[in-house]
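Colleague: Could you walk me through this model? I'd like to start at the DNA and then move to the protein itself.

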Number of protein chains: 2
Amino acid sequence: MGRPDRTRRSLLDAAVVVLSKDSSASLAEVAATAGVGRTTLHRYFPTRELLIRALVEDALDRVADAIASTHPDEGPVIDALQRVTDTVVPLGPSLSFLHAEPEVYNARDLIRRWYEALEPVAQAIERGQDDGSLRNDLPVKWVVDAYVGAILTAWDTADEGRIWLQDAPRLVMTTIISGIATLPTDAP
Amino acid sequence: MGRPDRTRRSLLDAAVVVLSKDSSASLAEVAATAGVGRTTLHRYFPTRELLIRALVEDALDRVADAIASTHPDEGPVIDALQRVTDTVVPLGPSLSFLHAEPEVYNARDLIRRWYEALEPVAQAIERGQDDGSLRNDLPVKWVVDAYVGAILTAWDTADEGRIWLQDAPRLVMTTIISGIATLPTDAP
DNA sequence: GTAGACTGGAACAGTTATGTTCCATTTGGA
DNA sequence: TCCAAATGGAACATAACTGTTCCAGTCTAC
């Protein structure tokens, strides 16, 4: 990895840190955090929009790779979701800005790519509803969003120090799979 | 309600609409949406920060009132959560900006008030864990965040047209209470 | 060690939002 | 009707960020 690649990576990492804290932070702040001159930032990412696009695409790639690496189309669906959760959650709060950036919200193609990245998860959930391991009275779209939402919540909550990130996968899985109530059969 | 009160309300409502779509929108846009001159906006809210504070406080009041009106400390906990859900969800996507505004995130007292508003919910959940209706292997803080997160997800998802807001209370309750898996007892 | 790539600082213009002031106009209640 | 409150528009100063240019300095691969 040559110097340009390292500089580029520093900038992307710094941008994640800075922009997830304040999505309207200045590029000067990003450059400073990356330990790089503002001029250099503009050499790599001529405009703010291009920086954010690159940022989101980078994050999307990481999520898509993480999901694919767990082969969510194989084995029992609940096990598959467990693998996805264990792999994606540690990617960390650093990705939660995906949720907030207005630039993301208004770029059709980025939204499309976001749902493309989640498509394997959607398919696993559909498979689970078909084979009877997941309840089928909830729309697949809702289940996907609720599942992703739980992961985002875990990131936020861990970020605020209300839980430990290492506990997050269990909390997410228990909550989303079994819910917060005791089983009806537990009643006398 | 005199003219000043109506103007103030128009401004707050417009601010919710505009800022929840783009949290960096200009005050001119807010004023225009409220059908009010920019000068008038500044008369009511001298600075942008004060507008946002007023906005958040207004939203907090609405949520707190909605929660209180359901008396979450009475009756079976799951019924109480159902009442809270049915009452809070219709308050609508208009409140989801609570989640995004950086000004909110960086104001200690607003965060504190946010959790104060949720305190009755936290107490209900604690009560449920004590009386055995909710599983007690999850931290109360996590359960509160997961529950609120599910409502926020429902708002976002409804906003994007992936579900209908009128279905949201059932989806939220089913998902958070029972989870997305079929009951173990459903297996042959 | 040297050439070419890479970097950083400074200075600049252009744009945009904010907050203020002043004044003319409209509104609504007494 | 009349008066005081409320409003809106225009103009202004200020501040901040963006994106560009130019140049001098530094690193690195050869």
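Colleague: Happy to dig in! Which helices each supply at least two residues of the surface near DNA strand D?

Modeller: Bear in mind that this is a predicted model. Both chains take part in the surface near DNA strand D. Each of these supplies at least two residues: from chain B, helix H1 (3-21) and helix H3 (38-44), and from chain A, helix H2 (27-34) and helix H3 (38-44).

Colleague: Which helix gives the most to that surface near DNA strand D?

Modeller: By class, this surface has 9 polar, 5 nonpolar and 3 charged residues. Among the 17 residues around DNA strand D, those that come nearest include Thr7(B) and Leu27(A). With 3 residues, the helix that gives the most is H1(B).

Colleague: Nice. Now the protein partners: where does the largest share of the side of chain B that touches chain A come from?

Modeller: In chain B, 34 residues are in contact with 34 residues of chain A. Helix H8 (140-159) and helix H9 (168-178) of chain B each supply at least two residues of that side. The largest share, 9 residues, comes from H8(B).

Colleague: And how many residues has the largest nonpolar core?

Modeller: Nonpolar side chains tend to be buried together in soluble globular proteins. Here, residues with the most contacts inside the largest core include Ile151(A) and Ile151(B). Beyond its neighbours within four places in sequence, Ile151(A) is in contact with Val88(A), Val89(A) and Val172(A). The size of the largest nonpolar core is 62 residues.

Methods
Residues are numbered from 1 along each chain as its sequence is written. Chains are lettered from A and ligands numbered from 1 in the order in which they are written. This is a predicted model: local features need pLDDT of at least 70, side-chain atom pairs count only at pLDDT 80 or more; totals for chains, interfaces and linings use all residues. A residue is near a molecule or strand if its C-beta atom, placed from the backbone, lies within 6 Å of it. Helices (H or I, at least four residues) and strands (E, at least two) are DSSP runs, numbered from the N terminus. Ala, Val, Leu, Ile, Met, Phe, Trp, Tyr, Cys and Pro count as nonpolar, Asp, Glu, Lys and Arg as charged, and the others, Gly among them, as polar. Two residues are in contact if their C-beta atoms, placed from the backbone, lie within 7 Å. A nonpolar core is a set of buried Ala, Val, Leu, Ile, Met, Phe, Trp, Tyr and Cys residues joined through C-beta atoms within 7 Å. A residue is buried if 20 or more other C-beta atoms lie within 10 Å of its own, exposed if 12 or fewer, and partly exposed in between; C-beta atoms are placed from the backbone.
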